[in-house]
Amino acid sequence: MKKIKIIGLILLATTLHTSCKTSTSPDVSHIQIDIKPQLFFVDLFNINPDSITQELPALKDKYGDFVDAYSIGVLKIGATTTPDYASLLKTFLEYDANKEVLATCKQQYTKVDDLAQELSMAFKHYNYYFPKKPIPAVYFHISGFNQSVIIDSGLVSVSIEKYLGSNCKFYEWLATPVYMRKGMVREKITPDVMRAIAMTDFSTKMKNDDLVNNMLLEAKSLYFTKRMMPELNDTLLFDYSAAQLKWCNKYESDLWAGLVERKDLFNTERMLIQKYVGDSPFTYYFGQESPGRVAVFLAYRMIE
């Protein structure tokens with residue numbers, strides 16, 4: 001029965017993605033989309049902390065509902081209409097650590113023409129495949145090292161302090177694991193935006209919450225990202241080094257054999273699933289030579 005299930009999953013994945021799979025990138029030159037990331041973080045920190053009540057209306061005029069979405073969803077200080085909003089925002093703006101983070105962000109993200117071009121191209125592909133989907137506005141904000149990407153109705157916003165480079169001293173101070181810093185680079189912003197859209201726009205419900213379904217769920221978002229960015233290097237897609245990617249390709253069939261031999265594909269134990277698909281320096285069941293999330297790589301190859 002399980003062999004039949006495996007074959008069925010492979011056939012289903014093939015059927016679902018045949019319409020998107022192509023040997024060459026689609027021609028999107030005729031699609032007119034021009035994404036210009038809005039540097040919300042600059043305008044927010046340009047507010048005088050002692051004049052928030054007076055200067056807030058101008059910020060809301062420029063950014064509309066995003067100001068409340070950011071205040072509620074990111075800063076967790078409530079809507080702009082709450083009585084203590086000004087004092088809470090003042091505390092955030094005057095926090096010493098934020099000032100140094102802001103200076104670094106300004107240094108790296110006041111010129112974003114390259115990201116504008118990259119995001120525009122990605123959303124042209126998005127429009128090519130999903131012409132009825134609206135194109136969101138894109139904002140850059142500072143979150144205090146919380147969410148990397150947030151999505152609300154009609155907008156996507158990126159916490160740019162999460163993309164200051166793998167060697168950024170802030171990540172050292174925060175004891176961010178080295179394996180996670182690989183993805184904290186400028187080049188990951190657009191891929192992370194597209195992956196966040198995949199995880200938001202398309203159903204994440206699974207009939208069976210077992211390993212193989214979790215593998216496919218994670219891999220589908222990566223496959224979506226690759227279709228939106230056909231030129232994206234797989235090392236960036238998977239957050240692998242070239243050597244790690246080579247290792248996965250070399251041992252792909254052996255990894256599948258080991259996965260099937262252990263009879264883990266239909267296991268629903270949460271801890272086991274996490275060891276296969278969760279962020280980690282290596283994949284527990286494949287040894288310390290393996291990179292993390294190897295099971296997601298295998299599922300991605302199955303979808304391909």
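Accessible areas here come from the Shrake-Rupley method with a 1.4 Å probe, and for residues only the protein chains shown count as cover. On that basis the protein exposes about 15900 Å², of which carbon and sulfur atoms supply 54%.

Before I go on, please keep in mind that this is a predicted model, in which local features need pLDDT of at least 70 and side-chain atom pairs count only at pLDDT 80 or more, while totals for chains, interfaces and linings use all residues. Residues are numbered from 1 along each chain as its sequence is written, and side-chain values use heavy atoms, with hydrogens and water left out.

Let me start with the overall fold. The secondary structure comes to 16 helices and three strands, where helices (H or I, at least four residues) and strands (E, at least two) are DSSP runs numbered from the N terminus. The radius of gyration, taken over C-alpha atoms, is 21 Å, close to the 19 Å that the globule rule gives for 304 residues, so the protein is as compact as a globular protein of that length; the rule itself is 2.2 Å times the number of residues to the power 0.38. Along the principal axes, the C-alpha atoms fill a box of roughly 70 × 45 × 35 Å. Buried residues make up 48% of the 304, with buried meaning under 20% relative accessible area, exposed over 50%, and partly exposed in between (1.4 Å probe, protein chains only).

I turn now to the salt bridges, each defined as a side-chain nitrogen of Lys or Arg within 4 Å of a carboxyl oxygen of Asp or Glu.

In one of them, the side chains of Arg195 and Glu218 meet at 2.7 Å, N to O. Arg195 lies in helix H10 (residues 189-201) and Glu218 in helix H11 (residues 211-228), so the pair ties together parts that are 23 residues apart in sequence. Arg195 itself is partly exposed, with a relative accessible area of 23%.

Asp68 forms a salt bridge with Lys60, their closest N and O atoms being 3.7 Å apart, and Lys60 is partly exposed at 28% relative accessible area.

Glu304 forms a salt bridge with Arg301, with 2.8 Å between the closest N and O atoms; Glu304 counts as partly exposed at 33% relative accessibility, and Arg301 likewise at 32%. Finally, salt bridges that share partners join Arg195, Glu218, Asp279 and Arg293 into one network.
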